[in-house]
Amino acid sequence: MNEVKTLQNGSGLFGYKFLKYFEIAKVNYFNSSAYLVNLISRSAIVVIRIWIFTQLYKVSYAISGVSEIGGLTVAMVVWSLMMTQSFQTATRPQLSKIIDEEVKSGTLAYSVNRPYSYILFHFSGFIGRSIPNLFINIFIGSLAALVLVGPIGLSWEALLFGAILLFFGYILDFFVSLIIGLTAFWIEDTSAFTWIYSKGQLVFGGLILPIALFPDYLQKIAELLPFSQMYYGAARLMVHFEPTLFLKYFATQLVWILFFGVVAYYLFNKGIKHVSVNGG
Amino acid sequence: MNKTVIEVKNLSKVFQIKQKSAGFFGGLSSAFNPKYKQVKAVDDISFSVEEGELLAFIGPNGAGKSTTIKMLTGILFPTSGKMKVLGFNPSEDRQKLAYHIGSVFGQKPQLWYHLPPIDTYNLFARIYELKPKDYKERLEFLVEQFEIRDLLKTPVRKLSLGQRMRCEIVASLLHKPKIIFLDEPTIGLDVVAKQHIREVIKYLNEKEKVTIFLTSHDAGDIETLAKRTVVINYGKIIFDDTTEKLKKNYIKSKVIELVTEEPIKNFDFEGGKIISRTKYSLKIELDTAKNSIDKLLTYAMDNFAIKDINIFDTPMEEIIAGIYREQQL
Amino acid sequence: MSLSMVAKYIFLTWEMTKSSILSAMEYRVSFIVQVFGMLVNDIALVAIWLIFFQKFPSINGWQFQDTAMLFALATVNFAIVMIFARGAFELSKTIVRGELDYYLSFPKNVLWHASVSKTDISAIGDLLFGLIIFFFSGDISLEKIGLFAVIGVLTALIFLNFIIITQSITFYVGNFEEAAEQMFHALLGFTLYPQTAFYGALKIIMLTIIPAFFIATLPVQLIQKFNLEFFLILLGFWILTTIIATIIFRRGLRRYESGNLINVKM
């Protein structure tokens, strides 16, 4: 009898909590819709960037005298770059900075008892902030790409499986950013780590040069690193769907998610203990 | 006959505050069709200050104090009216005027936090284009007067608040300004440090004939230092007279809290009304017209085992309410 | 502005920057981390192009060496601005918070004072990187080093003008912080691409709104092969941007002093 009661209470509580996290995500959504001017200038930058990519790769391919490299045409390259950029830049402002501030201000240490709810809270915020930016970026980016390189065949499988990779890619980015923010427990200035992380994403995340265009040996390494598995994997799959590629990327993602998830959990608990031993 | 260093005639400042509507579409509409609300921060004020005066400029928050000071220093342009500071029109000759005025804002430090004060002083000497010989003499003089010789080479972040304040004031005096604007110079300081700063300010004013424009929420600062007080409220000057008069007419009482080692049994002091009590403490409202704080403290020390004493000034709101009441009569 | 005044301001700039650096050195570890972190950061940036040029060795004549020179120039002139005038980059924040009042109370030029009061320690890492990668940009001669120094300073000044112009828009439009910062990053980022790849309308945009030509392409060409005509064009562009920046800031400052900003602090 008692067991039944606890179960009921448990699920009810969880349902309530989930609603709470949804509300938090909504708040973040409206917060990020507030500035019109920022929106316009951001969009202008997106368009110019895609334009630059278009010309750069058109010229580069022409000089090399090929129409396809690594399975990608110029149009596919531009669309995949548009996507990785859209996916990645949607996550600003950086979570690592937010977590850093919470650690430094003591908010994290003193108002949190369980890592699970804190992490879920920040994940909802992370997704909540990203969604409007993501849609705006994709919308404008797609328009620009359509005009500049024309449409590419986007099959429903590509979009569906790509979306799966994207969702897990966000989880992966979330965990790594969380970890960087958590190092604030021990390190005065975490910005150096944030730089290195974002540069890792730049070089190995297919933000300027798709990994498919890397020299072979480097490509193999890059695809195993977590950076390529956040946004590039999803974008690459969306522009040119290959089932084996999906499985490879998804498996790599899950391994990294597991790894970073455990590290994050461990660091979180260690950090809380560190504070209670040393004081604020 | 002293010369006038500040002259203000019918000075007004009206701010246009943009009304923003909430939400996304609200933001959109206010971007294309903005609505403004007019706020009169300073409303047709006139006064003049003579060389060597030490005047207090007080009022509640948002009364127009900082707006007035900003206009006098050339940081803000007035909407209408005339000003002359040391013969300059602050709005037109801000940089020229800046060579002759100094300012200390209790909340906004000028000294570089991680460096010793001497480094900031050297920088200032260059910014104000002081001749090396003059600077050396001046610095020596100030260091002596303000007793900061031992603090010169200590990083500011390691100094106590009182020490920092003294060093800040020295920084504002290096270029021998003729007028100094002091904003909350004793904020956050303990009783002893407050006293020290007040002495220093008094000395400045008396010996060097520096005109001092003091804004403070601390009635103690005002009573000890300023011969003249100007009270501003809702942008209008509602009192411009001697501090004596202000005290006599509006600062009629002080609240004294006595904390004792043993419970207080009988308290009887002329003019002192008990407003609250606990086993070991007593709060007394003293009518300053009937009796003095000194006498009360002597009475308390003689009759009780005093552990701690706190003195509270009449809050600004009451002083202003008093002024309004009288003006309506 | 007399020559002695200019000399005074230059000397004061040096004094201010020195104070900022000494101040930052109080935190030894943070200082070193910032410098080396930025060094690593910049190496990663150039690494991407190293990989790119393995696949596409030459873009209309532009090779990795040219990108190296470009990076050297860009990081050095960025470093010069960030070490001596970082405050200019934060003008938007300074204006919105009403902190210009502090600088207005001094008898010195407000724009100058607000700009030189801050220093970015990580920019020292940029400077180091720029000097190192300069040595990967082809043959080094004494003449080339001299040219690099002169043109580096000139482009730094042009870059500074652009920062002042974009940051000063806050005087007119209000909370522009995020947009200004993004514009800046975009500007900097776009100049690092092989400029020879662009044509048509985009090339014109790069030339005018995004002055990649004047901060990147032209200076790089000048250093690799000096040409008096082009040098004078660069000089002229500097004068033009200085005039525009001065006007926009001055007008904006008048607005600020009238208290007519959208977010006014009373």
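Student: How much area is buried between chain C and chain B, and what percentage of that area do carbon and sulfur atoms give?

Tutor: Please keep in mind that this is a predicted model. Buried area is what two parts lose on being put together, summed over both. Between chain C and chain B the value is about 3,100 Å², and carbon and sulfur atoms give 59% of that area. The contact joins 32 residues of chain C to 31 residues of chain B.

Student: How many salt bridges are counted between chain C and chain B?

Tutor: A salt bridge requires a side-chain nitrogen of Lys or Arg within 4 Å of a carboxyl oxygen of Asp or Glu. For chain C and chain B the count is 6. One of the pairs in a salt bridge is C:Lys8 with B:Glu129, where the closest N and O atoms are 3.3 Å apart.

Student: Which helix of chain C gives the largest share of the side that touches chain B?

Tutor: That helix is α1(C), with 9 residues. Helices α1 (3-24), α6 (100-104), α7 (110-116) and α14 (228-257) of chain C each supply at least two residues of this side. By class, the side consists of 14 nonpolar, 10 polar and 8 charged residues.

Student: Let us turn to the other interface. What area is buried between chain C and chain A?

Tutor: The buried area here is about 3,500 Å², with 75% given by carbon and sulfur atoms. In chain C, the residues that lose the most area to chain A are C:Ile48, C:Ile51 and C:Phe56, which together make up 17% of what that side buries. The contact involves 39 residues from chain C and 35 from chain A.

Student: How many helices and strands does chain A have?

Tutor: Chain A has 11 helices and 0 strands. Of its 280 residues, 55% are buried, a term that means under 20% relative accessible area. Chain A exposes about 13,300 Å², of which carbon and sulfur atoms supply 70%.

Notes. Residues numbered from 1 in each chain as written. Chains lettered and ligands numbered in written order. Predicted model: local features only at pLDDT ≥ 70, side-chain atom pairs only at ≥ 80, totals over all residues. Heavy atoms only, no water. Helix = DSSP H or I, 4+ residues; strand = E, 2+ residues; numbered from the N terminus. Buried < 20%, exposed > 50% of the residue type's maximum accessible area, 1.4 Å probe, protein only. Areas by Shrake-Rupley, 256 points an atom, 1.4 Å probe, with all protein chains shown as cover. Contact = heavy atoms within 4.5 Å. Buried area = accessible area lost by both parts, 1.4 Å probe. Nonpolar A, V, L, I, M, F, W, Y, C, P; charged D, E, K, R; others polar.
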